[in-house]
Amino acid sequence: MGKFQVMEHPLIQHKLTIIREKNCGTKVFREVVDELAMLMAYEISRDMPTENVEIETPIELSTQKTLAGKKVAIIPILRAGLGMVDGILQLIPAAKVGHVGLYRDEETLETHEYFVKMPEDIDSRQLLVVDPMLATGGSAIMAIDSLKKRGASNIKFVCIVSAPEGVKALQEAHPDIDIYTAALDDHLNEDGYIVPGLGDAGDRLFGTK
C-alpha cells in the first residue's frame, strides 16, 4: 500500500485555515493555495535521492550532494489543479507540466476525459498529480488511470483537503500511489462536498460560480 500522509506542519495548517474561511477573497485564496502547494512540495521532495558530485568551492575541491534520479512532472487535474502548479514550480523550476481535463456527466455521474497533454517522457519521471480536493476520488482515479495507460508508473497524488471516502476509493483503485494531503476532513455531504472543507476550490480560485 502506498503512503498516506497528512501534513501537519504549523505553516501548512495556518494557511489552510485562511482559505477555509468563507470570506477569503479570490486574490488571497489564489495566493495561499500557491503557498500551500510550495510548502507541500518541500515535504514531498524530502525523500528525493541524492548523489555525490565533486565541485570546487572558493577554498578547495569538495564532494557535495546533488539531486539524482527521476526528474519531476506536475500534472494538474483541470481546472482547480492549475492553482497548485506555480507554487510547486517555484520550488522545482525544471519540472515539466502535463494536463488532464475531466468532466462528469450530470445524468450518469460518470467521469470522462476531454483533454490530455503530457510530456513525452512521463514513463521516466516522478509525477505529481495535483488537485486541491480529493472528494469522491473519481477524478483522481481517472487521471491516474489515464497516466498509467500512457506508461507512467511513479506517481504521487497531492491535494489540500481530502475526505475519507475519496482516500479509501483512491487507495482501493491505485494501492501503489502515495497520497499527500494537508487535511483529512470529516465526510462528504449529500451534494458531494467535503465537510467542513472549503467549498468549490475551482470557483474560489477563479472567481466563478
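Predicted model: local features only at pLDDT ≥ 70, side-chain atom pairs only at ≥ 80, totals over all residues.
Good morning. The protein chain has six helices and 13 strands; helices (H or I, at least four residues) and strands (E, at least two) are DSSP runs, numbered from the N terminus. Its radius of gyration, taken over C-alpha atoms, is 18 Å, close to the 17 Å that the globule rule gives for 209 residues, so the chain is as compact as a globular protein of that length. The globule rule is 2.2 Å times the number of residues to the power 0.38.

Residues are numbered from 1 along each chain as its sequence is written, and side-chain values use heavy atoms, with hydrogens and water left out.

Of the 209 residues, 44% count as buried. Buried means under 20% relative accessible area, exposed over 50%, and partly exposed in between, with a 1.4 Å probe and protein chains only.

Let us turn to the interior. In soluble globular proteins, nonpolar side chains tend to be buried together. A nonpolar core is a set of buried Ala, Val, Leu, Ile, Met, Phe, Trp, Tyr and Cys residues joined through side-chain atoms within 4.5 Å. Which members of the largest core touch the most others? They are L16, I19, I88, I160 and L198, out of 37 residues. Elements that each supply at least two residues include α1 (10-20), β4 (71-78) and β10 (155-162), while α2 gives the most, with eight. A second, separate core of 23 residues includes I122, A152, I155 and L170.

Next, consider helix α1. Its buried residues are I12, K15, L16 and I19. Seen down the axis of α1, they fall within an arc of 105 degrees, so they line one face of the helix; the arc is that of the directions from the helix axis to the C-beta atoms. The face turned away carries the exposed residues P10 and T17. What covers the buried residues of α1 includes α2, β10, β11 and α6.

Finally, D131 lies in the loop between β8 and β9 (133-134). D131 is buried yet has no salt bridge, that is, a side-chain nitrogen of Lys or Arg within 4 Å of a carboxyl oxygen of Asp or Glu. The nearest side chain of opposite charge, R79, is 9.4 Å away; Lys and Arg count as positive and Asp and Glu as negative, while His and the chain ends are not counted. Thank you.

Note on methods:
Contact = heavy atoms within 4.5 Å.
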